[in-house]
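Student: I have a new structure to read. Where do I start?

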Amino acid sequence: MKEPIVRLEIRGPVGLITLNRPEALNALSTELMDALTDALRKCENDPAIGCMVLTGQGRAFAAGADIKEMANKTYAEAYSENFITRNWEEATRCRKPVIAAVNGLALGGGCELAMMCDFILCADTARFGQPEVKVGVMPGAGGTQRLSRSIGKSKAMEMCLTGRMMSADEAERCGLVSRVLPADELIDEAVRVATQIAELSRPMIMMTKEAVDRSFEVPLSEGVRFERRLAHTTFALEDHKEGAAAFAEKRKPNFHHR
């Protein structure tokens with residue numbers, strides 16, 4: 001029986017999603033992106049899951065869009081089918097956190113997909129890049145925008161204009177990734193971190209994520225006001241009261257996610 005192109009494994013309160021097209025370095029075909037969208041939605045809609053981890057099978061997280069599939073696409077086709085927007089951006093729409101566990105190459109669309117996640121953990125073997133210019137195209141899934149916000153204009157411009165790849169260590173120094181881990185420890189650590197997040201109050205996690213994301217969209221004064229209003233609403237939650245009581249009683253809180 002043929003293996004699914006995207007695997008979904010439930011590990012306690014964590015959904016581990018694996019891009020499973022290693023023979024093509026997990027190139028992001030329409031079939032794969034539709035399957036990824038479905039997997040993310042399943043996790044988002046499952047009340048037992050509190051966090052997702054996204055990784056790739058084999059030596060790549062994802063080596064970019066499927067160039068063979070794109071080669072003969074016309075402007076009219078790309079526009080009418082809403083290419084990229086239709087089925088690439090589900091990670092950005094998830095209210096639950098999505099962690100990218102980058103195990104190898106994250107190039108072009110693969111780098112862009114990793115940046116759509118809430119934060120990136122990567123293996124010491126990981127490589128990041130936006131090499132689209134080398135095949136006569138440009139980033140189209142947020143590469144010129146999210147990369148600039150992550151690592152600054154100068155480095156982002158260099159990478160987008162030259163196609164140079166960035167090592168895991170450089171990615172950590174620049175702030176593109178949260179941490180670099182030994183390759184054989186990456187998935188276990190990503191699942192551990194995701195489990196830690198999933199065991200916290202779901203409403204608090206969602207609000208915190210929403211507030212951090214808002215900081216990239218509005219001026220500081222508006223962002224602080226938005227954060228303040230969300231912080232005020234938490235006083236209405238049972239988990240807020242439980243967290244305070246647990247702190248006072250020196251015990252682990254028992255959150256009920258409401």
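Tutor: Start with one term. Two strands pair if DSSP finds at least two bridges between them. Keep in mind that this model is predicted.

Student: Show me a bridge. What is the bridge partner of Ala60 in S6?

Tutor: Ala60 has Leu105 as its bridge partner in S6. Two bridges join S4 to S6, residues 105–107, and these strands run parallel.

Student: How do I place that pair in a sheet? What is the order of the strands in the open sheet of four?

Tutor: Read the strands across the sheet. The order is S4-S6-S8-S9, and the pairing is mixed. Then look for the edges. Strand S4 (60–62) and strand S9 (166–167) are the edge strands, each pairing on one side only.

Student: Which helix packs on this sheet?

Tutor: Helix H5, residues 109–116, packs there and touches S4, S6 and S8. Its direction makes about 95 degrees with that of S6.

Student: Now a single residue. Where does Gln130 lie?

Tutor: Find the elements on either side. Gln130 lies in the loop between strand S8 (127–129) and helix H6 (143–151).

Student: Is Gln130 buried or exposed?

Tutor: Use the cut-off: buried means under 20% relative accessible area. Gln130 has a relative accessible area of 0%, so it is buried.

Student: What does the side chain of Gln130 reach at 3.5 Å?

Tutor: It is the backbone oxygen of Gly108. The side chain of Gln130 also makes a polar contact with the side chain of Glu132, at 3.0 Å.

Student: Which residues is Gln130 in contact with, leaving aside its neighbours within four places in sequence?

Tutor: The list includes Gly108, Cys111, Glu112 and Met115. Also among them are Pro139, Gly143 and Leu147, as well as Met159, Cys160 and Gly163.

Student: On to the other sheet. What is the order in the open sheet of six strands?

Tutor: The order is S1-S2-S3-S5-S7-S10, with mixed pairing. Strand S1 (6–11) and strand S10 (179–181) stand at the edges. Each has a single partner strand, so one side of each has no neighbour in the sheet. From one strand to the next, the twist averages 25 degrees.

Student: How many bridges pair S1 and S2, and in which sense?

Tutor: Six bridges, in the antiparallel sense. One of the links runs from Arg11 to its partner in S2, Val14. S1 and S2 form a hairpin, with two residues between them. In the turn, Gly12 has a positive phi of about 65 degrees.

Student: What about Pro13: where is its place?

Tutor: Pro13 sits in the loop between S1 and strand S2 (14–19). Its relative accessibility is 19%, so Pro13 counts as buried.

Student: How far is the C-alpha atom of Pro13 from that of Ile49?

Tutor: Here, compare sequence with space. Pro13 and Ile49 are 36 residues apart along the chain, and their C-alpha atoms are separated by 4.4 Å. Not counting residues up to four places away in sequence, Pro13 touches a set of residues including Ala48, Ile49, Gly50 and Cys51. Thr195, Ala198 and Arg202 are also among them.

Student: How many residues of S2 are buried?

Tutor: Check one face, then the other. Six of the six residues in S2 are buried. Val14, Leu16 and Thr18 lie on one side, with Gly15, Ile17 and Leu19 on the other.

Student: Which strand do six bridges join to S2 in parallel?

Tutor: That strand is S3. Gly15, for example, has Met52 as its bridge partner in S3. Strand S3 (residues 51–56) in turn pairs with strand S5 (residues 98–102), in the parallel sense, over three bridges. There, the partner of Val53 in S5 is Ile99.

Student: Step back now. How many helices and strands are in the protein chain?

Tutor: The protein chain has 12 helices and 10 strands. Its radius of gyration is 19 Å, close to the 18 Å that the globule rule gives for 258 residues, so the chain is as compact as a globular protein of that length. Along its principal axes, the C-alpha trace spans about 60 × 50 × 40 Å.

Student: What share of the 258 residues counts as buried?

Tutor: The share is 46%. The protein chain exposes about 13,600 Å², and carbon and sulfur atoms supply 55% of it.

Student: And what share of the contacts joins residues at least 24 apart?

Tutor: Take contacts between residues at least 6 apart in sequence. Of these, 67% join residues at least 24 apart.

Conventions: Residues numbered from 1 in each chain as written. Predicted model: local features only at pLDDT ≥ 70, side-chain atom pairs only at ≥ 80, totals over all residues. Heavy atoms only, no water. Buried < 20%, exposed > 50% of the residue type's maximum accessible area, 1.4 Å probe, protein only. Polar contact = N/O pair within 3.5 Å; in protein donor to acceptor, adjacent residues only side chain to side chain. Contact = heavy atoms within 4.5 Å. Axes fitted to C-alpha atoms, helices over the stretch in contact; angles between N-to-C directions. Rg over C-alpha atoms; globule rule 2.2 N^0.38 Å. Areas by Shrake-Rupley, 256 points an atom, 1.4 Å probe, with all protein chains shown as cover.
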